Amino acid sequence: MHISRRDVLKMSVTGAAVVALPLARTASASSTSRLAQSLYPTRFEAAFIRPPVARPVRTDATTDYYSLTMRPGTTEIAPGLSTQIWGFNGVAPGPTIVQYRDRPAVVRQINKLPPRHPQLGYLPWTSTHLHGSPTLPQYDGYASDITLPGQFKDYHYPNTLPATTLWYHDHGVMHTGPNDYMGLVAQYQIHDALELALPIPHGRYDVPLIISDVLLAADGSLLWEDNDESGLFGDIILVNGRPWPAMKVERRKYRFRMLNASVSRSYRWQLDSGEPFHVIGTDSGLMPSPQQVQQFRHGVAERYEVVIDFAKYPVGRRVIMHNLSNDNNIDFATTRDVMAFDVVAEATSQADNAIPDSLNPGNPTMALTAADATTHRRFEFVRDGGEWTINGTTWADVVASNFTFTIANPSPGSVELWEFKNDSGGWFHPVHVHLIDFKVISRNGGPPMPHELGPKDAVYVGEGETVQVLIRFKPDERGRYMMHCHNLVHEDHDMMTQFAVGDLGPDPIHTDPARPLPATRL
Ligand code: C2O
Ligand code: CU
Ligand code: CU
């Protein structure tokens, strides 16, 4: 077995890593939660909840200011047991930030995490990333731009994107997986005039679904097992932090902003009624036109906005959302179920209860054609011994170069065709590119899947798959940004690199670093 120097370092910090190594072959047999049968959560018993909505601490003529504290909190996943989480403001998932397009925000992130991770023992530095946002490099959650416990950092967000579902999550170098698993994930929604004018569900009929999977120890604490650094696959499915919740719905259409915030697991959604999902939005905004699908594949970090029409069912009907899964997940009998929708009442409002044929036909990313691309690049995602690599390189190479190594150097204003390739049959990679959004133009030489026909920033590169995307780098954007696999175990074991638009741009680490909290604030 290949053991890297970093593994040895980790093993000296925590004996648990030594025990975890031989799990590779027996993962599915040994990796369920260790809960006593009587404490195992019952499916569809927990009430569905929505994450809280963040309130600005202050607003001025141009900007909204938020202040969030990353700190421990507790939740109840197994009945009667308390589970420690780490959350923005102590809740997991954290508060949803809701902003209007072109209204900038400054989000202060205060790190009040404890000095050690409860199981893994590491020092929890953080770097908060607003996933999907074209943020300046020094505010993008650059993995090595860390904030230590006792420090804070103000992140500036332009909010220039069209209406979309972004998310913010920890991106601290080497610990993104465990930090996000502890709960440092949340949605960030942008509204705009076009979206608000569409008769699609809004307000209380516009519902975030943040889906993740966990393993619990016998005492209810979160258990981290990464199966020889290949992935974490829990047997308990959470939606907005609750195990297999049941949501009460009226007989009308609802819009769900589905975010896969799992560490590694991918899903394939299906309704037990056989009714379709109407996909209206993808990672970076509304699709040109809705796509009706019976089932769809959903990798880590991807967002899909879907409409489900409950008018088709009588009051009293329960509709279950299933997960049919995909190759190379570790599945359990329990991971086929995700949540239930209980149709409990007639619609109390018929407003915004439609799915127009045209949503956002003018999105410039979706107008790109292969002929626009002046440069073609190929990126191969390969497991090489113990390391996960991109074109043979890892984040360790970026660090070793003092953050000057770049895998690509596109020009501002140019259009490029990027090809992501996964030759293996043994794993899949949800590939994410910071800064930009892209148009998926081909999958294995054929067309993209219907649910991918919208602007995106993450794409599923499955077993033996080659995916091509088109990217326009905006004329006024420059600097270093990350690209990585969003299976957080792959990312932390180094399937991450960077590209630079134009020159290296501002130093992402030293331009506006984290600062210590004033003593009075502690
Ligand atoms: Cu969701 Cu590099 O991040
Ligand atoms: Cu990102
Ligand atoms: Cu991967």
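The side chains of Arg204 and Glu250 form a salt bridge with an N to O distance of 4.0 Å; the term stands for a side-chain nitrogen of Lys or Arg within 4 Å of a carboxyl oxygen of Asp or Glu. Arg204 sits in the loop between helix H5 (193-197) and strand S10 (206-214), while Glu250 belongs to strand S13 (residues 246-251), so this contact ties together parts that are 46 residues apart in sequence. Helices (H or I, at least four residues) and strands (E, at least two) are DSSP runs, numbered from the N terminus.

A word on the model before going further. It is predicted, so to speak of local features a pLDDT of at least 70 is needed and side-chain atom pairs count only at pLDDT 80 or more, whereas totals for chains, interfaces and linings use all residues. Residues are numbered from 1 along each chain as its sequence is written, chains are lettered from A and ligands numbered from 1 in the order in which they are written, and side-chain values use heavy atoms, with hydrogens and water left out.

## Salt bridges

How many salt bridges does the structure hold? The total is 32. Three of them are set out here.

| Pair | N to O distance |
|---|---|
| Arg204 and Glu250 | 4.0 Å |
| Arg251 and Glu346 | 2.9 Å |
| Arg377 and Glu416 | 2.6 Å |

The salt bridge of Arg251 and Glu346 connects strand S13 with strand S21 (residues 337-346), 95 residues apart. Arg251 is partly exposed, with 25% relative accessibility, and Glu346 is partly exposed too, with 48%.

For the pair Arg377 and Glu416, the link runs from strand S22 (residues 375-384) to strand S24 (residues 415-421), 39 residues apart. Arg377 is partly exposed at 22%, but Glu416 is buried at 2%.

There is also a network of salt bridges, which links Glu195, Asp206, Arg255, Arg257 and Glu305.

## The sheet with S22 and S24

Strands S22 and S24 belong to an open sheet of five strands with mixed pairing, in the order S23-S22-S24-S28-S26; two strands pair if DSSP finds at least two bridges between them. At the edges stand S23 (387-390) and S26 (438-443), each with a single partner strand, so one side of each has no neighbour in the sheet. On average, neighbouring strands here are turned by 20 degrees against each other, direction ignored.

S26 runs antiparallel to S28 (residues 466-472), and five bridges join them. Arg443 stands opposite Val467 in S28.

## Copper sites

Which residues coordinate the copper ion (ligand 3)? They are His429 (ND1), Cys485 (SG) and His490 (ND1), at 2.0 to 2.1 Å, and their spacing in sequence is H-x55-C-x4-H. Cys485 is buried with a relative accessible area of 0%, and His490 is buried with 1%.

The copper ion (ligand 2) has His129 (NE2) and His432 (NE2) as its protein donors, 1.9 Å from it. His129 lies in strand S6 (residues 128-131) and His432 in strand S25 (residues 429-433), so the pair ties together parts that are 303 residues apart in sequence. Both His129 and His432 are buried. Donors are N, O and S atoms within 2.8 Å of the metal (3.2 Å for Na, K and Ca); water is not among the atoms, so sites may look incomplete.

Definitions and conventions:
Buried < 20%, exposed > 50% of the residue type's maximum accessible area, 1.4 Å probe, protein only. Axes fitted to C-alpha atoms, helices over the stretch in contact; angles between N-to-C directions.
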